[in-house]
Structure formats: C-alpha cells, structure tokens
Amino acid sequence: MDHGFAQRFSEDWAAAWNSHDLERILEHYTDDVVFASPRIAQLMGEPSGEVRGKDALRAYWGKGLAHLPDLHFTVEDVRVSVDTVVINYRNERRQQVAEVLTFRDGLVCRGFGAYGPEV
C-alpha cells in the first residue's frame, strides 16, 4: 500500500459518497466484503453491528442514504498500513469519522467506521 494509491482512492471514495450514487460507492468493495459500524446496529437492528456481502452493504447504505439527503464527507487525512487505508473525515454534521479499509486486489474486502462524539 502506498500513499499515492491511498490519496487517489480517498478522493474517488469521497466523491462517490458525495454523489449519493449507491452503485458508484459500491464499486470500491468486493462482493464478499465485511463491514462493521455502530450505525449498522442502529439503522438495521443488527446487534453485531456487521454486514456481510455487497448485497447486505447495499441494503444498509441504501437505507442510510435515504435517511441522510444532505450527506457529505470532507476528507481531512489519509493514512496507510500494509494492506489498509485509514480515511479520517468529517460528515455533514461536522462529526469526526475514521473509515478503516482493508484491500484485496485493489478493492475493499473489510472495513469499519469509527465515530467521534456528536458535535
């Protein structure tokens, strides 16, 4: 993993989210992706806070996008590890969020969102 790839990925990822185009967002993820977030437990009623597979992720994010018509991400920082990118951003409510994304063959195969306090 290198910083150039991470920076390009984060820019495209944020632009996809800011477009509210669900299929464009999902293009960044493998079919067998596993994603965890406290928002999954809240929005989907899934106590594990985890979804498995692109179809489950589509259902979760589709519901989320419908509830947040003003959704907007502003990337503040991007960091890299061996096979992982961490995108630190602020959402439309100015809340700090970290998205930790592990890659396989150029796509995200595992990720999780971590949220700072509500502002």
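Hi everyone, and thanks for coming. The model is predicted, so local features need pLDDT of at least 70 and side-chain atom pairs count only at pLDDT 80 or more, while totals for chains, interfaces and linings use all residues. Residues are numbered from 1 along each chain as its sequence is written, and side-chain values use heavy atoms, with hydrogens and water left out.

Let's start with the sheet. Six strands form an open sheet in the order β2-β1-β6-β5-β4-β3, with mixed pairing. Helices (H or I, at least four residues) and strands (E, at least two) are DSSP runs, numbered from the N terminus, and two strands pair if DSSP finds at least two bridges between them. At the edges stand β2 and β3 (74-80), each with a single partner strand, so one side of each has no neighbour in the sheet. From one strand to the next, the twist averages 20°. For angles like this, axes are lines fitted to C-alpha atoms, for helices over the stretch in contact, and angles run from 0 to 180 degrees between N-to-C directions.

Walk along it with me. Strand β1 (residues 29-36) is joined to β2 (residues 50-52) by three bridges, running antiparallel, and to β6 (residues 107-115) by four bridges, running parallel. Alanine 36 has a bridge partner on either strand: glutamate 50 in β2 and phenylalanine 112 in β6.

Over at the other end, β3 and β4 pair in the antiparallel sense over six bridges, and they form a hairpin with three residues between them. Arginine 79 has valine 86 of β4 as its bridge partner, and aspartate 77 stands opposite asparagine 88 in β4. Next, β4 and β5 run antiparallel and are joined by seven bridges, with valine 85 partnered by leucine 101 in β5. The hairpin of β4 and β5 has five residues between the strands, and there arginine 94 takes a positive phi near 70°.

How is β4 placed, mostly covered or mostly open? Mostly covered: five of its seven residues are buried. Buried here means under 20% relative accessible area, exposed means over 50%, and partly exposed is in between, with a 1.4 Å probe and protein chains only.

Helix α4 lies across β1 and β2, at about 55° to β1. Contact means heavy atoms within 4.5 Å.

That brings us to the core. A nonpolar core is a set of buried Ala, Val, Leu, Ile, Met, Phe, Trp, Tyr and Cys residues joined through side-chain atoms within 4.5 Å. The largest one has 28 residues, and the members touching the most others are Trp13, Trp17, Tyr29, Leu57, Trp61 and Leu101. At least two residues each come from α1, α2, β1, α4 (54-67), β4 and β5 (96-104). Helix α1 gives the largest share, six residues.

The whole structure holds 12 aromatic pairs. Rings of Phe, Tyr and Trp (its six-membered ring) pair if their centres lie within 6.5 Å; planes under 30 degrees apart count as stacked, over 60 as edge-to-face and the rest as tilted. Tryptophan 13 and tyrosine 89 have ring centres 5.4 Å apart and planes at 65°, so this pair is edge-to-face. Tryptophan 13 lies in α1 (residues 3-19) and tyrosine 89 in β4 (residues 84-90), so the pair ties together parts 76 residues apart in sequence. Both residues are buried.

Setting aside neighbours within four places in sequence, tryptophan 61 is in contact with Trp17, Leu22, Ile25, Leu26, Tyr29 and Phe35. By that criterion, histidine 28, in the loop between α2 and β1, is in contact with Phe9, Asp12, Trp13, Ala16, Leu107 and Val108. Histidine 28 is buried, with a relative accessible area of 7%. Glutamate 23, in α2 (residues 22-26), is partly exposed at 41%.

One last stop: the charged end of arginine 39 sits over the ring of tyrosine 115, 3.9 Å from its centre. The criterion there is NZ of Lys or CZ of Arg within 6 Å of the ring centre and within 35 degrees of the ring normal.
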